[in-house]
4 protein chains.
Amino acid sequence: MSLSANTFGNFFKLTSFGESHGVAIGGVVDGCPPGLSLDENDIQQELDRRKPGTSKFVTQRKEDDKVEILSGVFNGKTTGTPIGFIIKNTDQRSKDYSNIAEIFRPGHADFTYAHKYGNEVRDYRGGGRASARETAVRVAGGAIAKKWLLENYQIKIIAWINSIGTIKIINDDANSKQQLIENVAKIDNKNLFFLPMPFAENAEKNIENLVENYLDGIRKQCNSVGANLSVAAFGVDNHKLPIGLGSPVFAKLDAVIAAAMMSINAVKGVEIGDGFLSSQQLGSEHNDEISPDGFLSNHSGGILGGLSSGQTIWANLAVKPTPSIAMMRRSINIRNEAVEMRTTGRHDPCVGIRAVPVAEAMLALTLADAIMQDKAQCK
Amino acid sequence: MSLSANTFGNFFKLTSFGESHGVAIGGVVDGCPPGLSLDENDIQQELDRRKPGTSKFVTQRKEDDKVEILSGVFNGKTTGTPIGFIIKNTDQRSKDYSNIAEIFRPGHADFTYAHKYGNEVRDYRGGGRASARETAVRVAGGAIAKKWLLENYQIKIIAWINSIGTIKIINDDANSKQQLIENVAKIDNKNLFFLPMPFAENAEKNIENLVENYLDGIRKQCNSVGANLSVAAFGVDNHKLPIGLGSPVFAKLDAVIAAAMMSINAVKGVEIGDGFLSSQQLGSEHNDEISPDGFLSNHSGGILGGLSSGQTIWANLAVKPTPSIAMMRRSINIRNEAVEMRTTGRHDPCVGIRAVPVAEAMLALTLADAIMQDKAQCK
Amino acid sequence: MSLSANTFGNFFKLTSFGESHGVAIGGVVDGCPPGLSLDENDIQQELDRRKPGTSKFVTQRKEDDKVEILSGVFNGKTTGTPIGFIIKNTDQRSKDYSNIAEIFRPGHADFTYAHKYGNEVRDYRGGGRASARETAVRVAGGAIAKKWLLENYQIKIIAWINSIGTIKIINDDANSKQQLIENVAKIDNKNLFFLPMPFAENAEKNIENLVENYLDGIRKQCNSVGANLSVAAFGVDNHKLPIGLGSPVFAKLDAVIAAAMMSINAVKGVEIGDGFLSSQQLGSEHNDEISPDGFLSNHSGGILGGLSSGQTIWANLAVKPTPSIAMMRRSINIRNEAVEMRTTGRHDPCVGIRAVPVAEAMLALTLADAIMQDKAQCK
Amino acid sequence: MSLSANTFGNFFKLTSFGESHGVAIGGVVDGCPPGLSLDENDIQQELDRRKPGTSKFVTQRKEDDKVEILSGVFNGKTTGTPIGFIIKNTDQRSKDYSNIAEIFRPGHADFTYAHKYGNEVRDYRGGGRASARETAVRVAGGAIAKKWLLENYQIKIIAWINSIGTIKIINDDANSKQQLIENVAKIDNKNLFFLPMPFAENAEKNIENLVENYLDGIRKQCNSVGANLSVAAFGVDNHKLPIGLGSPVFAKLDAVIAAAMMSINAVKGVEIGDGFLSSQQLGSEHNDEISPDGFLSNHSGGILGGLSSGQTIWANLAVKPTPSIAMMRRSINIRNEAVEMRTTGRHDPCVGIRAVPVAEAMLALTLADAIMQDKAQCK
């Protein structure tokens with residue numbers, strides 16, 4: 001698995017380009033197997049899931065996010081050549097951001113980009129390349145991987161929210177996780193906050209309303225809040241993920257998943273299976289025993305020795321609070337002078353919510369790549 | 001950053017080979033800058049830190065782990081050509097492991113290797129390629145990176161234990177972490193359990209003794225236990241890490257660190273800075289404000305937008321309990337028949353302890369690679 | 001130097017996508033150093049040099065080849081983030097090609113694409129991905145590399161025609177080459193056939209006219225013809241290429257140049273310096289002696305041991321005749337039935353001519369990458 | 001296909017290390033499919049073919065070249081994990097080379113290594129890393145690829161000498177090549193100079209004797225001479241190479257072969273099929289017509305559009321004369337002072353001869369990699 005700056009994957013590769021307020025963002029999927037049915041709608045429906053403006057808790061910018069496929073598809077099928085696509089930036093409104101041209105916003109990449117590339121070439125408009133807008137490209141590329149996984153291996157990928165700030169949707173003890181992991185196939189995240197219905201805590205008490213009110217309060221305080229997500233891959237019916245996906249040592253499947261997830265904007269932690277709980281567990285608690293009918297538990301998150309075990313693959317993510325908050329904060333400008341500033345504009349109070357389809361996309365890209373590696377060497 | 005199966009890095013690359021009970025393990029460091037003073041002692045002293053048999057809490061196998069440099073060094077300096085090295089396996093005692101040739105040990109890679117590569121070619125002796133013995137190669141390669149970082153950039157890398165099972169050495173709230181992060185330069189991990197002296201909880205009450213008794217109890221119960229580690233990179237005096245290390249989007253510095261750490265045997269979780277705490281934080285808590293004298297806190301773990309900020313780089317790791325336990329467990333054999341088995345032999349009750357120098361090595365390799373990337377494109 | 005299917009380079013990377021008759025072709029330049037002045041004109045002027053329709057000897061299709069930069073440039077400078085660009089396909093005229101949907105044209109990639117990817121997904125329109133139209137993307141990416149090389153290292157790159165079919169423009173003995181190599185800086189290829197004026201044989205006899213008549217005859221015979229090219233990189237004034245570019249062993253500079261050139265459509269041979277002549281030379285003839293003022297000859301083509309020597313870097317290319325000829329030829333259709341067919345349409349009688357700017361682009365990309373590698377490890 | 005400095009291949013990867021006079025040279029084959037029968041003899045017999053000292057025309061140094069496999073093989077089969085191997089340097093005789101510590105030998109890499117890495121770290125002993133001794137590692141790695149190709153795809157690879165200096169063994173016109181290409185399966189190169197018996201010119205006149213006398217004369221003149229080689233891959237019986245190997249655009253099969261061959265020490269030119277002849281051919285001569293029974297000729301060298309066509313894959317190589325000659329030559333020392341020097345010692349008068357098994361190894365590595373790529377994406 002290559003982690004080149006702007007290319008993800010060794011076999012099923014996604015190269016990404018584009019800034020928040022440039023002409024367009026886009027990508028190139030190279031290595032996609034030929035013969036997959038694909039049209040723009042397949043990608044569009046995934047893009048629509050991460051689209052801003054779907055509720056008042058995600059940024060109100062109007063981003064149409066209409067994908068155009070430029071190459072690699074002929075007569076409705078992938079040809080095996082690179083699939084180039086673009087998404088034009090239609091709602092750029094650069095003036096919204098002109099006030100931050102000379103100020104480094106706390107929690108943002110402004111400061112580090114300025115030092116790496118030189119401040120004189122920094123595209124400060126909406127975060128430029130560091131904007132979460134870039135994740136639309138991942139969702140687009142991931143949509144292709146998702147379709148291939150489903151049609152060829154009947155693998156489904158789903159992500160959901162475990163908690164938003166201090167509101168727990170799913171309990172974080174090992175038992176609750178084990179129960180949920182057994183029922184992943186029944187999770188339905190088609191709701192405003194990607195909650196894992198019907199397994200959410202207080203599901204009967206209109207949990208969506210509860211979250212809505214909580215986020216409303218956060219926003220009114222000019223603040224933002226973090227979130228905890230899970231993402232899982234599971235087979236349907238008697239079709240399963242091939243066992244042994246991943247490459248031992250440096251490209252362990254969990255290592256690649258960790259990189260894939262940590263590369264998503266604002267992610268600060270990744271766990272596989274029991275994750276940090278395992279640091280307090282005994283061997284007798286953590287090790288998944290085996291029977292002729294399969295594993296008796298799934299504390300490992302479906303990965304042993306860096307290779308998939310045939311169980312549900314499971315990762316958890318910590319997403320930090322949206323860095324852009326309208327509260328007054330201390331910072332510096334490009335002349336290293338102290339300033340006080342507030343980041344106004346249209347921002348999600350909780351970026352973690354929009355990270356859900358992105359996590360799905362990244363897991364899909366990771367697995368497509370791993371399957372192709374396995375085919376090349378072992379199958 | 002490439003995550004090829006057995007090669008780590010794109011610029012400063014480590015290729016690793018070898019099984020636990022083969023003739024030798026070894027590696028090739030390709031891309032090391034020329035002119036670095038290097039001899040076998042530089043590597044040996046790091047290898048000695050992870051050597052088994054240093055206490056009764058790490059496996060009692062006698063592994064001499066004597067490194068031999070085969071190439072790439074001339075007249076005491078690196079030449080810029082590949083540095084090949086081997087570590088012979090002197091204490092193989094294959095008979096210890098013959099009983100597991102036909103059984104898949106719970107928590108181990110036996111099952112997944114058998115499915116990926118075919119059971120008929122699986123090297124079951126001591127875990128073969130999946131053995132933690134492979135991490136000696138990482139420590140050897142990392143020793144070269146560490147030396148280069150120190151001599152050229154005055155960067156130091158240190159890891160330590162935060163908790164072992166239920167024993168907390170360092171409190172895990174955000175405040176305790178912020179205090180420790182400010183004092184990383186003063187941490188001394190030269191003790192039996194890599195405890196962060198003098199900052200350990202109960203340091204005055206002989207914390208080593210306390211840990212020793214705890215692990216003794218675990219071992220007598222034929223059990224094992226997990227651990228929580230931190231690893232940090234910091235500059236000395238007024239020399240600092242170059243700001244802006246890492247590559248935005250897929251090869252973000254934190255993404256590469258996540259992969260590097262998750263690729264270490266038994267690691268199940270990785271956090272950068274506040275990590276999972278950030279999922280419950282408010283933006284006003286998490287965002288590090290900036291002053292003309294620098295950042296006012298370091299919740300980010302020294303990385304913003306995937307690029308290093310010039311602050312201490314900080315990651316936390318969850319290590320699962322040693323999978324090999326002498327307690328009777330249910331499993332299957334290679335004919336898919338149910339068996340009961342216990343894994344006897346010489347095993348660490350807590351593999352997390354020996355992961356400490358490995359984590360240091362992986363961070364060193366990651367940073368050496370990132371510095372070279374930054375030089376190539378931006379400096 | 002990575003030779004991934006559709007990405008060239010490890011540091012200064014070009015990813016290419018697009019088919020001859022799709023919506024657009026395009027590319028992503030990833031890794032370009034920040035701070036380079038760049039606008040669409042810089043790319044357009046190179047594209048215009050390979051544009052079809054400039055004479056009756058290059059295909060009469062109207063390809064506007066207008067490049068649009070989508071990202072990676074801000075306020076007229078490269079930002080260090082990926083430079084995405086597209087070139088729309090405006091003159092697609094698919095009907096011209098519909099007759100070849102079911103026939104494999106001799107000398108073309110039709111047959112091999114059908115076997116690799118499956119004939120049912122083959123984009124037969126104008127050769128699809130195998131069309132030389134793809135080289136426009138290389139010229140666009142190469143334009144950026146060329147500009148960077150010139151502005152930062154004062155390196156110039158030039159290619160020219162040595163012979164077209166049986167017409168020799170430059171004699172191919174070692175002495176003639178040595179003389180030309182010393183005078184590369186004075187070559188001006190700004191003429192219809194990229195002839196190396198004023199060094200062409202019969203330059204005084206209106207060599208352009210001679211070539212024109214020759215190609216006219218070839219075309220009237222419904223035939224096509226091959227060509228021999230050279231491409232060279234040289235420093236200006238007392239500014240020189242850094243010595244030691246390239247990486248010994250597999251990524252020798254000459255190995256990468258060989259791959260770069262052989263990857264151009266229709267190229268069947270690559271030589272460095274004296275090339276195939278050296279297989280008949282004595283050591284006393286071939287070895288370039290050295291004096292305190294520099295090398296006394298340049299049979300090596302500026303590369304020794306895979307590293308640049310500071311002399312003019314020099315490669316020769318053999319380009320096969322355009323495979324599309326209007327003469328009746330034997331072939332098969334997709335049902336493996338024998339057919340007789342002629343390839344009509346607008347085709348260059350000598351594709352070698354349009355390969356000239358492409359060869360320049362590929363050498364520029366190769367050198368930019370090599371310079372960045374050298375900086376990363378050695379400088 | 002990756003051309004990393006010391007790693008070749010993306011799927012079937014060979015990493016090489018070692019200097020001519022260091023402790024050992026060696027390599028790591030990563031990605032080899034599991035289940036291939038392999039022991040040291042399989043490698044040794046290929047190594048013995050390139051061993052120095054087999055005649056008076058190859059260097060008389062005693063290099064035992066005994067390969068030791070360190071990992072990746074268990075119970076006689078490859079396990080799918082990295083195959084580490086070393087070849088100890090037993091006949092180092094460093095004093096032979098001490099006179100060249102301060103002098104740059106014409107035609108050698110001394111000058112360029114000194115400039116790239118710094119002269120103070122240059123391993124001048126026997127050329128260090130630039131020595132052709134490194135090719136033993138390629139032959140060892142290639143032996144594994146060869147065995148896998150033969151056992152799994154019944155592909156055979158053979159190389160031979162076309163000419164040595166001015167002695168033609170095979171005529172170089174297109175017709176002679178076409179005849180030989182049809183009879184590749186009958187070539188037997190098991191003779192002192194890897195001549196393509198029984199197809200050599202003057203085969204009945206004891207061509208070995210003729211070559212022997214010619215080289216004797218060259219050597220007595222303190223001179224050396226170049227050579228021209230071919231290397232081919234062909235299927236046996238009705239088993240054929242899979243059609244469509246290679247990746248269009250940058251990693252065309254011919255581009256990768258060109259890089260593989262040009263990366264061999266002293267190679268200055270590579271042709272595919274008709275190569276440079278094609279620059280003078282008409283389309284009607286060059287294009288291979290197709291019939292329901294297959295192609296009617298093979299001017300393309302078995303590659304169309306960068307993908308294998310199912311015909312014999314064919315490349316030609318130009319090897320320059322051995323740079324080390326005992327004739328007095330002008331050069332400079334490390335202080336840029338003019339010197340006169342002769343390179344004494346045990347050197348092949350024609351390095352091209354020993355390049356034959358190396359070319360076979362590189363083609364085997366290239367094809368193994370291409371087959372795995374094809375499996376991953378298309379099969």
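These legends describe close-up views of a predicted model.

**View 1. The interface of chain B and chain A.** In this view, 106 residues of chain B are in contact with 106 residues of chain A. About 8,200 Å² is buried between the two chains, and carbon and sulfur atoms give 61% of that area. On the side of chain B, the residues that lose the most area to chain A are Lys116(B), Phe250(B) and Lys268(B), which together make up 11% of what that side buries.

**View 2. Polar and charged pairs between chain B and chain A.** The interface holds six salt bridges. In a salt bridge between the two chains, the side chain of Arg329(B) meets that of Glu289(A), at 3.7 Å from N to O. Polar contact is found for 41 residue pairs across the interface of chain B and chain A. The side of chain B that touches chain A is made up of 48 nonpolar, 42 polar and 16 charged residues.

**View 3. Strand pairing between chain A and chain B.** Strand S12 of chain A, residues 267-272, pairs with strand S12 of chain B, residues 267-272. The pairing is antiparallel and runs over three bridges. Within it, Glu271(A) stands opposite Gly269(B) of S12(B).

**View 4. Arg133(C) and its partner Asp65(C).** Arg133(C) sits in the loop between helix H2 (110-117) and helix H3 (135-153) of chain C. Its relative accessibility is 6%, under the 20% limit, so Arg133(C) counts as buried. The side chains of Arg133(C) and Asp65(C) are joined by a polar contact of 2.7 Å. Lys268(C) is 135 residues from Arg133(C) in sequence, and their C-alpha atoms are 18 Å apart in space.

**View 5. Cis peptide bonds in chain A and chain C.** Most peptide bonds are trans. The bond from Met197(A) to Pro198(A) is cis, with omega near 5°, and the bond from Met197(C) to Pro198(C) is cis, with omega near 0°. Pro198(A) is in the loop between helix H4 (174-182) and helix H5 (207-220) of chain A. Pro198(C) lies in the loop between helix H4 (174-182) and helix H5 (207-220) of chain C.

View 6. Most residues other than glycine have a negative phi. Asn202(B), not a glycine, has a positive phi of about 60°. Asn202(B) is located in the loop between helix H4 (174-182) and helix H5 (207-220) of chain B, and it counts as partly exposed at 28% relative accessibility. Val249(B), also not a glycine, has a positive phi of about 75°. Val249(B) lies in the loop between strand S11 (227-235) and helix H6 (253-262) of chain B, and it is buried, with a relative accessible area of 2%.

Key: Residues numbered from 1 in each chain as written. Chains lettered and ligands numbered in written order. Predicted model: local features only at pLDDT ≥ 70, side-chain atom pairs only at ≥ 80, totals over all residues. Heavy atoms only, no water. Contact = heavy atoms within 4.5 Å. Buried area = accessible area lost by both parts, 1.4 Å probe. Salt bridge = Lys/Arg side-chain N within 4 Å of Asp/Glu carboxyl O. Polar contact = N/O pair within 3.5 Å; in protein donor to acceptor, adjacent residues only side chain to side chain. Nonpolar A, V, L, I, M, F, W, Y, C, P; charged D, E, K, R; others polar. Pairing = 2+ DSSP bridges. Helix = DSSP H or I, 4+ residues; strand = E, 2+ residues; numbered from the N terminus. Buried < 20%, exposed > 50% of the residue type's maximum accessible area, 1.4 Å probe, protein only.
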